[in-house]
Each structure stands twice: as C-alpha cells, then as structure tokens.
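Thank you all for making time this morning.

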Amino acid sequence: MPGRPSDSGSEAVVPFSPEFRDPVVYPVHHGVRPPLLRVYVAWSRGSLLHVACLRQPSPEPEPEDSVDEGEAGGKVVEVRLRAGEDGISEAQRRRIAYESVPAFALLQSRKNSLMAMSRMSSSLLRGEWWQHVLEYSKNISELLGTRRLSSDMVIEDPRMVVQPSEEPTSLKAAWELMEIFYVDKQSLTWLPERLVDWSEDYDSLLTRTELTIHSKLVNMQKKLANVKVVEDDPDYWEGMSSALAVGWLDIVVKLLRFHGSYQLDQLDNRETENGLVEAVAVLVSTMPRLRPDPTSGKLGQFCKTRPDFIKAWEKWRGHLSKLERSAFWVQCSHDQTREGLQKLLKIMLGDITNITSATCHWMELLVSHLLYIRQFMVGLEGLNNLAHKCRQLKPTVHYNGLMSLLIGILEESPEVVLAECSKTFGPWMVAHGIELLTAGSDHADVLLHEERYSLGGISVEELHRLVYAQILSSHPLTCQIAPTYLASCPKQGIGLLEILLYKQPIQHHQVILKNLEICRLYELDNISVNVLKTAGMYNWKHGRRGFGIYWLQLARDEVRLNRIAQQLFKCIGKSLSDDSFKQWEGLLELLGTQVGSSGGLEFLHKYRDFKRTLKQVEDGRASNAARQAAESLVQLMRSPSTPQQFWLPLLHDSLKLLNWKAHPLLTVSETNLLLNKLQDLSMGKLRPDFVAADLPPNALSSIRLGLATNLGRAILEEC
C-alpha cells in the first residue's frame with residue numbers, strides 16, 4: 001500500500017503514540033507434559049497464532065497406558081490475539097461483513113447516479129444524498145443487532161427493575177452515535193431525548209472499571225430481592241434518583257410502586273405518605289418530552305414543537321414547585337421517604353448539586369444537563385464545552401474507545417474520530433463509517449476525499465477501503481465480497497481487483513462463473529478473457545479437456561485452440577483408425593456443434609460426421625448415405641483446415657466409396673481434385689517436415705487404382 005497512514009509526523013493521517021504499553025499475556029493451554037523441547041510460533045488466519053509445542057523425548061520408554069497417542073510428539077494450538085472487547089465473535093463479524101455489502105453497494109450506486117446528475121442544483125443533490133445516507137445508516141444499524149428491551153417490557157415484569165437482555169455491543173453503540181451527530185437531521189431538534197435513549201441502551205458500555213447507573217441498578221435489584229421494606233434502604237432511593245437523572249422514567253415509576261405504602265395493610269396508616277409518593281409518580285410520568293415521534297410505551301407528555309414543549313414545561317414546573325412547597329411534607333413521618341421524594345423533585349427542577357450526586361459518569365451528567373437544565377442547546381461547540389465541564393465534575397481514569405469517539409465527535413475532530421474507529425472498532429467500521437462522517441461534516445469531507453501525494457495520489461477514504469478489502473481478500477470465507485469495496489476505489493481499486501481476480505482458484509466451476517460475473521459488473525472485459533484463458537489451460541492440463549476447450553472457446557482463443565488441435569492430432573496418431581477415433585469422439589461430443597473455425601478442431605468435427613456417415617455405408621444402408629459420405633470426403637479434402645498428413649488416410653478409408661458398384665459417387669471434377677491432392681502429397685514427401693502415414697504398403701496403389709476407376713466411370717456417365 002502507498003504511504004504509511006500511521007507515521008508520527010505532523011502530516012500523519014492517523015496519529016499514534018510511540019509510548020510502550022504494558023505487555024499482554026495470552027495463556028497457551030497445550031496440555032503437553034513437560035519438559036518441552038521447542039516451541040514454534042507462526043501466524044495463522046486473521047488474529048490467530050499457531051503455537052506448536054514439541055515434547056522432550058524420554059530416555060526411557062513409558063508404559064503403554066500413559067502414552068497419549070494424540071500428543072506423542074507434541075501439540076499445535078491456536079491463540080487468539082484479539083479477543084474482541086465488544087463481545088462479537090469471528091462468525092458474527094463475517095456475518096456483519098457479508099450483510100453490510102448490499103447496503104454499501106446500493107449507496108455507492110446512488111452516489112454515482114447523483115454525481116452524474118449535474119443539471120440539478122447542489123442543494124437538491126445534497127438533500128437527496130442525506131436521505132440516502134440515513135437509509136444506509138438505518139440498514140447497517142439493524143444488522144448490527146437489535147436494541148435492548150424497551151421500558152414497557154421492563155414494567156410488565158413486577159419483580160425486575162432492569163430486564164435481562166442481550167449484551168449490547170460497542171460497535172453498534174458507536175455507529176448510533178455517529179448517526180445521531182452526523183446523519184439524522186431530526187435528532188438535532190430533540191438531541192436530549194436521543195441521548196436518553198442511547199444511554200438507556202448502552203450505559204453499561206461507558207466504562208468497564210467504574211460504576212455506572214446501569215450497574216448501580218443491577219446491584220440494587222439483587223439487593224432488593226432480599227429486603228422486605230425497600231423504603232428503608234438508602235440504595236433504593238439512590239438508584240431511583242440516578243434513573244431519574246438520566247430520564248429513565250419507566251424505571252423510576254416502577255420503583256416508586258415498590259414503596260411499602262402501596263401495600264393494602266399500610267394504606268390506612270400511611271395515607272399521606274402514599275399520596276406524596278403517588279403525586280411524585282404522576283409528575284414523573286407526565287414529564288414533558290420533546291419528541292417528534294412518540295415511542296410506544298414511553299412515559300411522559302410528548303410535544304412535537306418547541307412552543308408546545310415550552311408551554312407544557314412551564315406548567316409542569318409549576319406543579320413541581322407547588323408540590324415542593326406543600327404542607328403535606330410535615331405530615332410525612334417516614335424520614336427516608338420524605339428526603340428521597342424531595343431529592344427527586346429537586347432533580348426534576350434542575351438542581352445541579354443533586355443531579356451531580358445522582359450520576360456516576362460524565363456522560364450521564366451530560367445527559368442530565370440536557371434533559372433538565374439546557375434543553376435547547378444547539379451546536380457542537382456549546383455541547384463540547386458542557387461535556388468538558390461534566391468531565392471535570394466526573395473525572396474518569398480511563399477513557400475507552402467509545403468515549404474517546406464521543407469526545408472526538410463533540411470536538412469536531414474527524415482525525416480523532418477516524419483514529420478511534422480504526423483502533424477500537426476495526427477496519428469494517430472505518431470503511432463503512434466514513435460515509436456518515438463525510439455526510440455530516442464539510443471539514444471531514446475535504447479531509448478524507450483530498451488526494452495526498454504521501455499516499456500515492458489516493459485519498460484517506462480510498463486508503464481505508466483498500467485496507468479493508470485486502471483484509472477481506474486474505475480470508476477464504478470473505479474474499480468473495482472484497483471486489484465490491486475495491487470497485488469503489490477509483491485510483492487503485494481496479495488494479496488491485498485485477499490482482500485479486502487473477503489469484504482466485506480456478507479449479508472450481510462456480511468460482512470461475514463468480515469471477516466472470518464480477519468482470520461483467522465492472523466492465524473488466526480484458527480480465528474476463530484472461531480468466532477464461534487461464535481456466536481453459538488449467539483444465540486442459542489437468543485432464544478435464546472438455547472444460548478446457550469450453551473455456552477457451554468462450555475466450556475465443558484461436559491460437560490455443562489450434563495448438564490443442566495439434567495435440568489432438570498427435571494423440572490420434574498417423575492413422576485415422578477406428579480405435580484412435582474412439583479415444584477422442586467423446587471429446588468432440590462435448591464440444592457440440594458450435595466449434596467455429598479454430599483450425600484443426602474444425603477438421604476433427606467434420607471428420608466425426610464423415611466417420612458416422614461412412615459407418616452407415618459399411619452397415620449396408622441405402623446409397624444416399626454413400627453419396628453423403630462422398631460429399632463429406634470432398635469437403636474435407638477441399639477444406640484448408642484439413643492437415644496434409646491426413647489426406648492419404650482419408651482416401652484410404654474411402655476406398656469403398658471410390659469403388660462403389662452401383663454408380664460413381666464422385667464427378668470428374670471431384671475426382672480430379674482428389675488426384676491433385678494426391679499429386680501434392682507426392683511432392684510434399686520431399687519436404688523435411690513431412691510426416692508419413694502409417695498405412696499398409698499397397699495403400700497408395702489401391703488409392704490410385706480406386707481414383708482411376710472412379711474417374712473412368714464418371715467420364716462415361718457424363719458423356
């Protein structure tokens with residue numbers, strides 16, 4: 001590949017840190033009894049290593065029952081170097097690679113179509129392109145996995161606060177982040193709600209080493225299973241406050257319903273307390289939410305426009321303030337309930353102290369700010385400043401790839417975004433996520449599409465696609481989809497595609513057809529012809545002569561077909577006997593009737609028809625067959641494709657025709673033609689390259705006598 005995208009210079013495309021990291025230790029479970037003599041390490045496919053452990057030969061023979069036949073000399077094991085921190089197996093990655101090809105190919109086709117429509121205004125083209133990229137992003141997001149169970153499913157289970165579901169993946173979380181900030185224009189108007197949904201699905205991925213609201217709720221859920229009076233447990237109120245801080249209203253209402261005042265035997269004694277709990281639950285469930293498409297099952301009062309949201313928000317805040325100043329708090333005798341409910345009210349009123357204490361991670365604090373304090377923040381610059389303040393309030397020791405990607409998005413740094421996608425999520429993410437990145441950022445569009453001299457005249461986008469295509473082509477299970485990505489690279493993609501097609505195995509019929517289809521789709525006619533020629537010669541040399549001639553005929557390779565014809569002549573021998581004819585008659589059957597004018601093959605095809613007609617004459621059939629055989633003989637002798645070395649054997653096989661008793665089968669002119677051929681054959685004996693026919697000693701005299709007899713009878717008949 002041209003250039004090195006990881007060079008540490010000032011113009012590096014993907015900067016990297018030269019500092020050394022702690023070594024990673026991979027256990028090798030080989031099961032070979034010590035001592036080990038040698039250990040060999042070799043690269044395997046993908047991110048696998050082959051480790052061969054050889055045993056030290058024992059000086060004394062071991063008992064038969066202690067010898068493991070499978071480990072007599074050692075053992076070879078595989079070690080995976082990259083375990084995949086997002087929990088995606090190799091099989092799932094291959095599935096994602098295959099299923100993302102149609103969406104990627106469709107987007108590239110639409111891009112080429114829009115580029116060809118130069119008459120339309122740029123604004124119309126850009127608007128249509130946004131729709132295409134959004135559809136592409138939705139398709140990719142769908143194949144990356146389903147979303148976690150929604151809150152309405154959680155409420156249906158009375159015992160579970162956090163419903164167990166499929167483990168989310170960082171790959172899809174990163175993809176949805178890029179879709180929110182780069183592609184989905186509607187998300188800019190209801191960004192807080194989009195981030196609430198995102199955090200509800202992927203809060204567990206924010207950090208693997210520190211506490212999050214999701215992990216807090218999971219721990220609380222385990223603890224509450226053994227607690228009878230939940231309102232006496234501080235973790236109950238802490239978990240509820242944290243869930244409310246990030247807008248998980250469904251969980252908050254469900255936890256409030258767990259309160260002991262809802263029990264039938266407690267209603268009379270705790271009526272005021274239950275009324276306060278229910279009032280807070282109603283306020284939580286009626287919280288105004290600016291969402292253009294209300295999701296089924298979500299709690300809240302949904303507003304589609306900003307004026308409606310502001311009006312509903314002010315009214316709702318008035319109810320909160322009124323409840324906060326209510327005199328019923330004095331009548332609430334349960335201290336934990338009173339303090340916990342008042343903290344919930346302060347969070348909904350936007351108290352920064354309670355919001356900060358209720359959240360665990362800076363991303364959760366950011367969502368809380370957008371949800372309760374700065375609902376109408378627009379622009380990534382202000383959002384980045386707010387995120388910076390949240391990181392100061394909630395410092396994190398280690399930023400994982402997902403959070404580093406979010407910081408790069410907020411800082412409007414496509415270089416950081418691209419580097420994190422490559423380092424954390426792999427080449428697939430870079431090859432497919434570039435379309436999202438360039439659609440939402442003009443700076444990224446210029447940066448990634450600019451042709452760079454240091455990269456050999458290609459762009460950064462093309463470089464990453466070439467890298468991904470080479471990774472696909474290096475694995476036998478994914479090499480078939482590499483041409484789609486190579487074809488999208490205008491500078492060097494087609495050249496590498498040619499190399500890839502030439503390296504494909506040609507011993508399988510289906511693989512050849514697949515390569516030919518790829519050549520047809522991308523108008524690679526020269527490569528298609530070369531593939532056909534290579535396949536033809538491979539099959540011919542390996543004994544599949546019918547397939548070999550078939551592919552060469554599709555390639556219209558007259559030169560090689562003529563050489564094959566000469567080889568067939570050598571296989572047949574110097575005499576066209578019945579035994580030699582049977583050796584290649586089946587091959588001519590495979591060739592069919594469309595032989596063409598490929599030199600000796602045309603002669604072999606005509607001779608096959610001649611032998612069949614001659615066979616009918618020998619079986620004693622009607623004279624029409626004899627006349628047809630005579631015509632075939634004349635055509636063979638006149639044809640320039642008939643080699644001179646076979647003239648005499650043809651005439652010798654036709655002696656019965658020359659001596660036909662009923663009437664002469666050849667006219668005077670036809671007989672003279674055969675006599676002239678015989679004369680030319682006599683003169684050809686003087687040439688050094690003349691090949692003598694393997695015939696009986698009296699064959700030449702018999703042929704001359706037959707021709708003279710037929711000539712005399714023909715003259716008499718024509719007179």
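**Cavity, pocket and salt bridges**

The lining of the second largest cavity draws at least two residues each from helix H5 (191–202), strand E4 (288–290), helix H10 (306–324) and helix H14 (362–372), where helices (H or I, at least four residues) and strands (E, at least two) are DSSP runs numbered from the N terminus. Before going further, please keep in mind that this is a predicted model, in which local features need pLDDT of at least 70 and side-chain atom pairs count only at pLDDT 80 or more, while totals for chains, interfaces and linings use all residues. Residues are numbered from 1 along each chain as its sequence is written, and side-chain values use heavy atoms, with hydrogens and water left out.

A cavity here is a set of points, on a 1 Å grid over the protein atoms alone, where a 1.4 Å probe fits but cannot get out, whereas a pocket is an open set with protein on both sides within 12 Å along at least five of seven lines, and lining residues have an atom within 4 Å of a point. Grid points are joined across faces, edges and corners, and a volume is the space filled by probe spheres set on the points.

What does Glu193 pair with in a salt bridge? Its side chain meets that of Arg291 at 2.9 Å, N to O, a salt bridge being a side-chain nitrogen of Lys or Arg within 4 Å of a carboxyl oxygen of Asp or Glu. Because Glu193 lies in helix H5 and Arg291 in the loop between E4 and strand E5 (301–303), the pair ties together parts that are 98 residues apart in sequence. Both Glu193 and Arg291 are buried, which in this scheme means under 20% relative accessible area, with exposed being over 50% and partly exposed in between (1.4 Å probe, protein chains only).

The whole structure holds 23 salt bridges by this search. In another of them, Glu231 and Arg270 have their closest N and O atoms 3.1 Å apart; Glu231 is buried at 2% relative accessible area, and Arg270 also counts as buried, at 14%. By contrast, Lys423 and Glu420, whose closest N and O atoms are 3.6 Å apart, both lie in helix H17, 3 residues or about one turn of the helix from each other. Here Lys423 is exposed, at 53%, while Glu420 is buried, at 11%.

Turning to the second largest pocket, its volume is about 950 Å³, and among its 30 lining residues Gln108, Lys111, Asn112, Met115 and Trp129 lie nearest the centre. The largest share of that lining, 9 residues, comes from H1. Lys111 also belongs to a network of salt bridges with Glu435, Glu461 and Arg465.

Let me close with one residue elsewhere in the chain. Thr613, in helix H27 (residues 600–618), is buried with a relative accessible area of 7%, and, not counting residues up to four places away in sequence, Thr613 touches Ala625, Gln628 and Ala629, contact meaning heavy atoms within 4.5 Å.
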